[in-house]
Amino acid sequence: RDFCLSRGLGDVYKRQLLDTAPTTASAIDKNNQIPLQLAVIRKNKEIITLLLLYHPNGVIHIDRYSMNALNYAIENQLEIQQIKEIIAANKECAQNVIINRRSVLHHAVEYKCSTEIIAEIVTAYPEACKLQEEQLGTEHIIVNSYLLLCRVN
């Protein structure tokens, strides 16, 4: 998994390695994380794009923390372009639900993502608007406020 994140290895060699051993893109570490999740955590745009080519369904892979690539993209505040690439690879990634029935949408609001990112998530998984946390609180009110903004825009 470390080859993907190595700064010393050129993009040509990374692509050659994936061509030679494509299963490397789906290798799992001790936290049940795959290279795509690690690249997202490290905000490595080039590697994210490359891994999405070799293992697009990696976006729905869930690690030991119940997180997928989209959750990590939200937490690490990736740019809208990377969020779009992740969602485009497989829209099912927007359906992930983590602790306390928190959807990716709730997660995006918690991390104060832009209205544009919220709209991308809602477009990919409109049913997220109907999900509620087990313990409703301030965050749920914020989610509803963001949804109103998305509908207005």
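This is a predicted model: local features need pLDDT of at least 70, side-chain atom pairs count only at pLDDT 80 or more; totals for chains, interfaces and linings use all residues.
Let's start inside. The largest nonpolar core has 35 residues, and those with the most contacts inside it are Leu36, Val40, Leu70, Ile86 and Ile121. For a closer look, pick valine 40: leaving out residues up to four places away in sequence, Val40 touches Ile48, Ala69, Tyr72, Ala73, Asn76, Leu78 and Ile86.

What about the cysteines? Cysteine 93 sits at 0% relative accessibility, so it counts as buried, and cysteine 113 is buried too, at 7%. The structure holds zero disulfides, though.

Now for the charged side chains, where the count comes to three salt bridges. Glutamate 79 pairs with lysine 45 at 3.0 Å, N to O. That pair ties together distant parts of the chain, 34 residues apart: glutamate 79 is in the loop between H4 and H5, and lysine 45 is in helix H3. Both partners are partly exposed, with glutamate 79 at 45% and lysine 45 at 36%.

Glutamate 116 and lysine 84 make another salt bridge, at 3.9 Å, N to O. Here helix H7 supplies glutamate 116 and helix H5 supplies lysine 84, 32 residues apart. Glutamate 116 is partly exposed at 42%, as is lysine 84 at 31%.

Finally, arginine 102 meets glutamate 110 at 2.0 Å, N to O. Arginine 102 has a relative accessible area of 13%; that is under 20%, so it counts as buried. Glutamate 110, at 38%, counts as partly exposed.

Key: Residues are numbered from 1 along each chain as its sequence is written. Side-chain values use heavy atoms; hydrogens and water are left out. A disulfide is a pair of cysteine sulfur atoms within 2.5 Å. Buried means under 20% relative accessible area, exposed over 50%, partly exposed in between (1.4 Å probe, protein chains only). A nonpolar core is a set of buried Ala, Val, Leu, Ile, Met, Phe, Trp, Tyr and Cys residues joined through side-chain atoms within 4.5 Å. Contact means heavy atoms within 4.5 Å. A salt bridge is a side-chain nitrogen of Lys or Arg within 4 Å of a carboxyl oxygen of Asp or Glu. Helices (H or I, at least four residues) and strands (E, at least two) are DSSP runs, numbered from the N terminus.
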